[in-house]
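Work through the exercises below with the model on screen. Try each task before reading its solution.

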Amino acid sequence: MSEYMDRAKKLRAVVTPHHNCAQSVFVPFAEKYGLSYDDAMKIAANFGSGMKMGSVCGAVTGGLMALGLFGADDMETVNKYYRKIRENHDGILDCAHLLAKNAELGKDKKQHCDGMAFECVGLVENILKEQGKI
């Protein structure tokens, strides 16, 4: 397991303080980049639960923040990232719709959110490695 995934799994396992999906994806990369845990937590605080309104999944936005932090912010990279997530989730990127689909399937919310966070960490890590940024 990579250091990024290991850190994300540790963050998702902590009950207090709660680490939202965006924080769980962003913090491992931000810390490696040199940001403090506290600063990374603050930056990603309002992006959990789909920007606190069921919009784009926090794990997805946390990944976008991590990609941007490392300079992987061109449209080709961003579209590749979106495409991979959409392929795995019936084209859905919004938190509310992802959770509704998960509920329809009778699956656990925490497991779903953990899975989204870990998926996004893996995608970001792969993209950054491919681009020689980590």
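The model is predicted, so local features need pLDDT of at least 70 and side-chain atom pairs count only at pLDDT 80 or more, while totals for chains, interfaces and linings use all residues. Residues are numbered from 1 along each chain as its sequence is written, and side-chain values use heavy atoms, with hydrogens and water left out.

**Exercise 1.** Describe how α2 packs on α8.

Step 1. Find helix α2 at residues 21–33 and helix α8 at residues 109–130. Helices are DSSP runs (H or I, at least four residues), numbered from the N terminus.

Step 2. The angle between the two is about 30°, and their axes lie 9 Å apart. Axes are lines fitted to C-alpha atoms, for helices over the stretch in contact, and angles run from 0 to 180 degrees between N-to-C directions.

Step 3. The angle therefore makes α2 roughly parallel to α8. The classes are: under 35 degrees roughly parallel, over 145 roughly antiparallel, 65 to 115 roughly perpendicular, and the rest oblique.

Step 4. The crossing of α2 and α8 is right-handed, that is, the near helix is turned clockwise from the far one by less than a right angle.

Step 5. From α2, Cys-21, Ser-24, Val-25 and Phe-29 take part, and their partners in α8 include Cys-113, Ala-117 and Leu-128. Contact means heavy atoms within 4.5 Å.

Step 6. By class, the contact of α2 with α8 has nine nonpolar, one polar and one charged residues. Ala, Val, Leu, Ile, Met, Phe, Trp, Tyr, Cys and Pro count as nonpolar, Asp, Glu, Lys and Arg as charged, and the others, Gly among them, as polar.

**Exercise 2.** Which helix gives the most to the lining of the largest pocket?

Step 1. About 230 Å³ of space lies in the largest pocket. On a 1 Å grid over the protein atoms alone, a pocket is an open set of points where a 1.4 Å probe fits, with protein on both sides within 12 Å along at least five of seven lines; lining residues have an atom within 4 Å of a point. Points are joined across faces, edges and corners, and a volume is the space filled by probe spheres set on them.

Step 2. Of the 17 lining residues, the closest to the centre are Arg-12, Cys-21, Ser-49, Lys-109 and Cys-113.

Step 3. α4 (48–54), α7 (95–104) and α8 each supply at least two residues. α8 gives the most, with five.

**Exercise 3.** Where is Pro-17, and where is Lys-52?

Step 1. Pro-17 sits in the loop between α1 (3–13) and α2. The peptide bond from Thr-16 to Pro-17 is cis, with omega near 0°.

Step 2. Lys-52 is in helix α4, and its phi is near 60°, a positive value.
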